[in-house]
Structure formats: structure tokens, C-alpha cells
Amino acid sequence: MNIRRLILISVIAVISISALAQIKVPIGTQSEINTFYNTTTYVVMKNEFMSDYNIAIKQAVEKHWTITPYKFIKASEFEKLRHDDDKSFLVVNIAYFDGDDTKFEFMILSLGGSKYKTVDDMPTLCAVPLCYYGDEDEEKYTYKIGAMVKHCQTHVDICHKHPELKKETILDYYLNNSSNPAEKKLYLLKDEISEDLRSNSALKDAYPYDAEFVTAERIEELINGNDDKALIALIINPFEGSGHQYCFKLIIDAKEGMIYYYDFQKLKKNTTGYITSDDLKKLSKQ
């Protein structure tokens, strides 16, 4: 199954998912990454006049983006600027499965240049799932945008330092090289975890290391404070009435956006995905 993306109506291949389990994460070539380090990154704002994402991405980039110089642009400026060799782009795109009308919004880091005749040709250096396309509740993820911005930079840095990595193997690299979760504390929203674990005692029984239920505001504080002991969850679920059936689950650290755990699953119709005891068991064994 291939995921393809739409940037301002154009279509591009982004990520492949096989058997709903093996995720192939996009990475740039060494030449593309070297070029990226010499670009200015243009952060493309959404077209919506009132957008929580626009506020969150501006604050996150201003606070956390250090890998390249950056500027903010309107979506209407993208098509003209994307042909410039000295530009890269951080932009929200629509992703979908071939043969499936399910669509997601991804944060994409891509490379511009005169040799990329169409948007399809532009290299994808990093892709982070945000939400289902059509889910208007941006508050579900905007407080975590800072961690996603950090992940984009960490991802490019890892690819730069380890040219041997492939899109089929980089997730294994993350899981094998993330530090011991026993040295971290896992922070969760109660509505992100399965109902049988929504008490302190049940959570403690399911997860052998330090964990705590907190608010979205607290998670944002941990991200902005670059807490090197904090783990947080990124979960993309179907929104009410959508009829969608896929769920992304990632657990990353708040300081660098390093991936500690991932899962992609197909849900029963009209159900929601959660962090489960099985997820916590797998995380604790990393």
C-alpha cells in the first residue's frame, strides 16, 4: 500500500506501509541533505484565516528551529518559490492510500530546486503525521507541534550522520538507539490511553517505569522546556462520524523528538485507538 501526498493540489509519493505494520519512512539522499543544510527553510502557513496550526507552527519554529535559517510564507507563495535551489519547505500536506479514500495531514520537510519540474519530484526529507484530513479540531495536536519540529531536525541529522540507513531500516535505528525508557518519565493524557488503564494503579501495573497523567498544557511545557527525561505520545485517531479505521501511535522524547515506539493499526469500524497495555509492554522492552 502506498501513501501519496497532495501539496496544493499536486500529488507526491511519501510513505509506504506494508501489511499495516512495516512503515517505510522517507529519508533524503546524502546529496539532498547536504543541499538542505545550505538552504533557508520556508515555513508554509495554512490558507485558513483562523488556524491554531499557524499560531503553533510559528511559535514552535521561532523557539526550536536551529538547523537552517527560516522564513514564514503564505501557501499562495509556495508554487513560485519551490523552484529556487536555495530553499527548503516545512509544509502541511494531504496524504492518502492508493485505492483508499482515507486522507491524513502530514507535516512534510521537503527540498526545493529548479531541477524539480513538478511537486512530485521534490525530495521528502521527513514526514510527521498530524491528523486525519477533515478533522477540524487542531487542538488535538497543536500543543505537540514543538516536538514534531524537533523531530524533523533530529531525523535529518540522523540521516546525515548515518548514510547507510534506508527508508526500510531507519525506524529500527530509532528503536535500537533511543535511550532506556527506564531513565525517562512517560506523560499521557487520560483520553489517549485505554479505559482499563485510566487509574494510577492500573497504569503502574501495566508499565514498570515512571508515568503520569497530565494536561495538554503540561506536555507543551515539557516540550518548550526541552525536558530530557520526558516521553510523550503522538496519536492520530479517526474523528467522530468519519468512519475511518486507521490509527498512528508514536512515543517520542520531548527534547529531541527521538522515536521510542511506533505502531500503525487498522481499527474496527467506529472505534478509537489508544495506548494499550501491549504498547506499554513493548515500549518498556526497548
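**Exercise 1. Find which strands each supply at least two residues to the lining of the second largest cavity, and sort that lining by class.**

Solution. Start with the strands (DSSP runs of E, at least two residues, numbered from the N terminus): β8 and β11 each supply at least two lining residues. Of these, β11 gives the most, with 3 residues. Next, list the lining: P129, L130, K140, Y141, K144, M148, L234, I235 and I236. Then sort by class, where Ala, Val, Leu, Ile, Met, Phe, Trp, Tyr, Cys and Pro count as nonpolar, Asp, Glu, Lys and Arg as charged, and the others, Gly among them, as polar. That gives 7 nonpolar, no polar and 2 charged residues. The space in this cavity is about 40 Å³.

A word on the model: it is predicted, with local features needing pLDDT of at least 70 and side-chain atom pairs pLDDT 80 or more, while totals for chains, interfaces and linings use all residues. Residues are numbered from 1 along each chain as its sequence is written, and side-chain values use heavy atoms, leaving out hydrogens and water.

**Exercise 2. Work out what lines the largest pocket.**

Solution. First, the terms: on a 1 Å grid over the protein atoms alone, a cavity is a set of points where a 1.4 Å probe fits but cannot get out, a pocket is an open set with protein on both sides within 12 Å along at least five of seven lines, and lining residues have an atom within 4 Å of a point. A volume is the space filled by probe spheres set on the points, which are joined across faces, edges and corners. The largest pocket holds about 440 Å³. Its lining has 19 residues, with K140, D191, E192, I235 and N237 nearest the centre. Two or more of the lining residues come from each of β8 (124-132) and β11 (230-236). Here β8 gives the most, with 3 residues. By class, the lining has 10 nonpolar, 2 polar and 7 charged residues.

**Exercise 3. Decide whether S178 is buried or exposed, and find what it touches.**

Solution. Locate S178 in the loop between α5 (170-177) and β9 (185-188). Its relative accessible area is 12%. Buried means under 20%, exposed over 50% and partly exposed in between (1.4 Å probe, protein chains only), so S178 is buried. Now look for contacts (heavy atoms within 4.5 Å): not counting residues up to four places away in sequence, S178 touches M258, I259 and Y260. Finally, a polar atom of the S178 side chain lies 3.4 Å from the backbone oxygen of L175.

Note on methods
Helix = DSSP H or I, 4+ residues; strand = E, 2+ residues; numbered from the N terminus. Polar contact = N/O pair within 3.5 Å; in protein donor to acceptor, adjacent residues only side chain to side chain.
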